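Notebook open, model loaded. I want to go through a few spots and jot down what I find.

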Amino acid sequence: MQYMRRAISLASRGSGFVSPNPLVGAVVVKDGKVIGQGWHKEFGGAHAEVNAINSASEPVDGAELYVNLEPCGHQGKTPPCTELIIRSGIKKVIVGMRDPNPLVNGKGISILRDHGIEVHSGILESECKKLNEIFIKFVTTRKPFVVFKYAMTLDGKIATVDNASRWITGEESRKIVHRLRQKMSSVMVGVNTVLFDDPMLNVRLAGKKPRQPLKIIADSSLRIPLEAKVLTNDPQLCLIACTEKAGKNKINEIRRTGAQVFVCPEKDGRVDLAWLFAMLGAMDIDGILLEGGSELAFSVLKDGLADKVIAFIAPKILGGAKAPTAVGGEGISAMEQAINLRDMKIRKVGNDFMIEGYLKNEYRVE
């Protein structure tokens, strides 16, 4: 168990750098000691098994290999990991979970067993699945894993009656949000969030230069001002989703900034989000961090497009009948129709509380 936990920990270091590939870590153990370890560091780079074997401090023949995801047995951007494992003389492979990728899904394990290597699978499987929940949904559905994130006060407000929202939560919570942005390949908001808050929607963390997410703005009529920070800071990383209601001149003006514009079909007078998410999946956008606003959030929840909710609750009270809440829209009239979360977790972050829960179980691949 300890070596698999080490593999999971190593795998997590690739978060924000390898998508749409999975997070993978590997540990080589011989005579009860770790002689090599590695992880998948960047998209298109060497896989974890390769890095672990190449880092070994002594020959790996007769050793055991612990890896959180089944080794691949097909040619992709890099050669099959199974070939190197077989050549290396490793005698046993311990796998956290089978790879749900249809190109793999048990084939890597079969190849290893066919060559006389002992393979055990399903070790710390639930932890391995949670680590790669984004990859699991994306590789099996070609749709992004959607996380709805918001911060609110104890009385459920996301801003004051004058729409002031900085800052509801503390610095520790905001750092977690930036790590979430790095982890996800895109961040999405509605145009009202841009109009009221003018966010940059980028990652601002110390240390290794992070990969910046794609900034997606749902804006049916293209009300976004050309001076908005999302268009003046890295506009090539900005995508505006509008409908036919948007004027052609405004579309051209936005495109001249370097940003992309998607003219989407309408649903209920707004951007058809299911269509948009399918297009984003086709672009290899495997995850979306939905950060607001309340109308967009309700649409995503109502249409069953969200997979996970992360809420930060600050010990503050704002009051105000007209102060905005995290989820708006027309709302739900019957309590029996309430959208329920499962697999809930709560932890304290500074003075705030962070609550996580799932709306679907698509990350649980049997």
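This is a predicted model: local features need pLDDT of at least 70, side-chain atom pairs count only at pLDDT 80 or more; totals for chains, interfaces and linings use all residues.

**Glu49**

I started with the contacts of Glu49, leaving out residues up to four places away in sequence: Glu49 touches Val24, Ala26, Leu65, Val67, Leu69, Pro71, Cys81 and Ile85. Glu49 sits in helix H2, residues 48–54. Which side chain of opposite charge is nearest to Glu49? I found Arg87, but it is 12 Å away. Glu49 is buried and has no salt bridge.

**Salt bridges**

Next I looked up the charged pairs. As a reminder to myself, side chains of opposite charge can pair when their charged atoms come close. How many salt bridges does the structure hold? I get 16.

Lys30 pairs with Asp61, and their closest N and O atoms are 3.9 Å apart. This pair links distant parts of the chain, 31 residues apart: Lys30 is in strand S1 (residues 25–30), while Asp61 is in the loop between H2 and strand S3 (64–69). Is Lys30 buried or exposed? Lys30 is buried, because its relative accessible area is 14% and the cut-off for buried is under 20%. Asp61 comes out as partly exposed at 43%.

Glu125 and Lys129 form a salt bridge, 3.7 Å from N to O. Both lie in helix H5 (residues 125–131), four residues apart, which is about one turn of the helix. Glu125 is partly exposed, with 33% relative accessibility, whereas Lys129 is buried at 9%.

Lys308 and Glu356 were next on my list. Their side chains meet in a salt bridge at 3.2 Å, N to O. Lys308 belongs to strand S14 and Glu356 to strand S16, so the pair links distant parts of the chain, 48 residues apart. Both residues are buried.

I also noted a network of salt bridges that links Glu64, Lys92 and Glu118.

**The nine-stranded sheet**

In what order do the nine strands of the open sheet run? I read it as S10-S9-S8-S7-S13-S6-S14-S16-S15, with mixed pairing. Strand S10 (260–263) and strand S15 (342–349) are the edge strands, each pairing on one side only. On average, neighbouring strands of this sheet are turned by 20° against each other, direction ignored.

I zoomed in on the S15 end. S15 and strand S16 (residues 352–358) run antiparallel and are joined by six bridges. Arg347 stands opposite Met354 in S16.

Then I looked at what packs on the sheet. Helix H6 (residues 133–141) does, touching strand S6 (145–153), strand S13 (287–290), strand S14 (308–314) and S16. The direction of H6 makes about 140° with that of S6. Helix H10 (residues 248–256) packs on the sheet too, touching strand S9 (238–242) and S10. The angle between the directions of H10 and S10 is about 150°.

**Helix H4**

Last stop was helix H4, residues 107–114. Which residues are buried there? I listed Gly108, Ile109 and Leu112. They are on the same side of H4, because they cover an arc of only 100° around the axis. What do the buried residues of H4 pack against? They pack against helix H3 (81–88), strand S4 (92–97) and strand S5 (118–121). After H4 comes Gly116, and its phi is positive, near 80°.

Definitions and conventions: Residues are numbered from 1 along each chain as its sequence is written. Side-chain values use heavy atoms; hydrogens and water are left out. Helices (H or I, at least four residues) and strands (E, at least two) are DSSP runs, numbered from the N terminus. Buried means under 20% relative accessible area, exposed over 50%, partly exposed in between (1.4 Å probe, protein chains only). Lys and Arg count as positive and Asp and Glu as negative; His and the chain ends are not counted. A salt bridge is a side-chain nitrogen of Lys or Arg within 4 Å of a carboxyl oxygen of Asp or Glu. Contact means heavy atoms within 4.5 Å. Two strands pair if DSSP finds at least two bridges between them. Axes are lines fitted to C-alpha atoms, for helices over the stretch in contact, and angles run from 0 to 180 degrees between N-to-C directions. The arc is that of the directions from the helix axis to the C-beta atoms.
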